[in-house]
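Colleague: I would like to learn how to read helix packing and pockets. Could you walk me through an example?

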Amino acid sequence: ARRCRACEGASRALTLGAGRAKAAAAGLTGAGLPPGRLGRVRPGSARDIFWYGVSRGAASMAPAAGTLAEAALRVAVDNCMEQGKTHFCKRRYEDALAAYEGAQRIRRVVQVLGDDFKPLDLAVADNCMGVAYLKVNRHDEALAALKESLRVRRAAQGNDHLDVAWTLISIGDVYLKQEQYDKALAEYEESLRIRRAALGDDHLDVAEALDSMGGVYKHLERDAEALAVHDEVARIRRVARAAE
């Protein structure tokens with residue numbers, strides 16, 4: 001299985017014994033990784049920073065460990081997500097999944113260190129991972145990741161945030177692939193409600209939600225509703241082009 005190099009240290013550090021961690025501390029102290037230099041760290045150094053942070057923690061130097069671990073986690077997540085985005089845009093979905101899953105493995109490190117890592121950062125990874133799973137037809141895994149992203153986003157941002165609407169669209173897409181048309185329609189309708197309330201009737205994101213609903217109507221042979229939605233999508237797109 002592919003692995004994301006950016007979080008390799010995070011995964012390996014979980015198996016470090018206290019004795020090995022103390023030994024690693026001495027070696028990494030001389031590697032140029034003091035807290036004062038964390039602002040200039042390169043993404044590829046995330047593993048070394050993390051190891052150093054865990055080592056300091058094992059040596060009962062918790063403040064230094066917390067600072068280092070937080071920096072390492074942030075760099076690792078950013079690097080994983082950037083790799084995932086690059087692979088996804090190139091349609092290398094399995095590689096994208098490896099990167100997104102790497103970001104999620106950091107959850108385990110967060111639990112071990114007790115670091116106050118922002119849940120929304122992980123919700124973004126869940127959402128990206130869910131879409132990538134959908135692209136490779138791993139529908140159950142896609143649904144699980146997207147629902148977790150939705151749960152976190154609703155808790156942190158409220159039910160009517162536009163990020164929630166994006167995740168709802170993706171969940172609807174999974175249900176559509178599974179031919180669960182009523183469930184897909186419900187997700188699209190909720191996304192449409194949020195987008196209309198936040199963006200107005202003439203925004204292209206509203207058209208996207210309507211277009212998704214139109215696809216479901218066609219599958220359900222609700223032709224009159226599909227036609228009405230198609231006409232509304234066409235109207236919104238005309239308005240958008242005129243405004244350019």
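Modeller: Gladly! Helix 9 (residues 181-199) packs with helix 10 (residues 204-219) at an angle of about 160 degrees, and their axes are 9 Å apart. Helices are DSSP runs (H or I, at least four residues), numbered from the N terminus. Axes are lines fitted to C-alpha atoms over the stretch in contact, and angles run from 0 to 180 degrees between N-to-C directions. This is a predicted model, where local features need pLDDT of at least 70, side-chain atom pairs count only at pLDDT 80 or more, and totals for chains, interfaces and linings use all residues. Residues are numbered from 1 along each chain as its sequence is written, and side-chain values use heavy atoms, with hydrogens and water left out.

Colleague: How is helix 9 oriented relative to helix 10?

Modeller: The angle makes helix 9 roughly antiparallel to helix 10; angles over 145 degrees count as such.

Colleague: Which residues of helix 9 and helix 10 meet?

Modeller: Contact means heavy atoms within 4.5 Å. Among those in helix 9 are Tyr 181, Leu 185 and Leu 192, and helix 10 brings residues including Val 206, Met 213 and Tyr 217. By class, this contact has 12 nonpolar, 3 polar and 5 charged residues. Ala, Val, Leu, Ile, Met, Phe, Trp, Tyr, Cys and Pro count as nonpolar, Asp, Glu, Lys and Arg as charged, and the others, Gly among them, as polar.

Colleague: And what classes of residue line the second largest pocket?

Modeller: Its lining has 6 nonpolar, 1 polar and 2 charged residues. A pocket is an open set of points on a 1 Å grid over the protein atoms alone, where a 1.4 Å probe fits, with protein on both sides within 12 Å along at least five of seven lines; lining residues have an atom within 4 Å of a point. Helix 6 gives the most to this lining, with 4 residues.

Notes. Helices (H or I, at least four residues) and strands (E, at least two) are DSSP runs, numbered from the N terminus. Angles under 35 degrees count as roughly parallel, over 145 as roughly antiparallel, 65 to 115 as roughly perpendicular and the rest as oblique.
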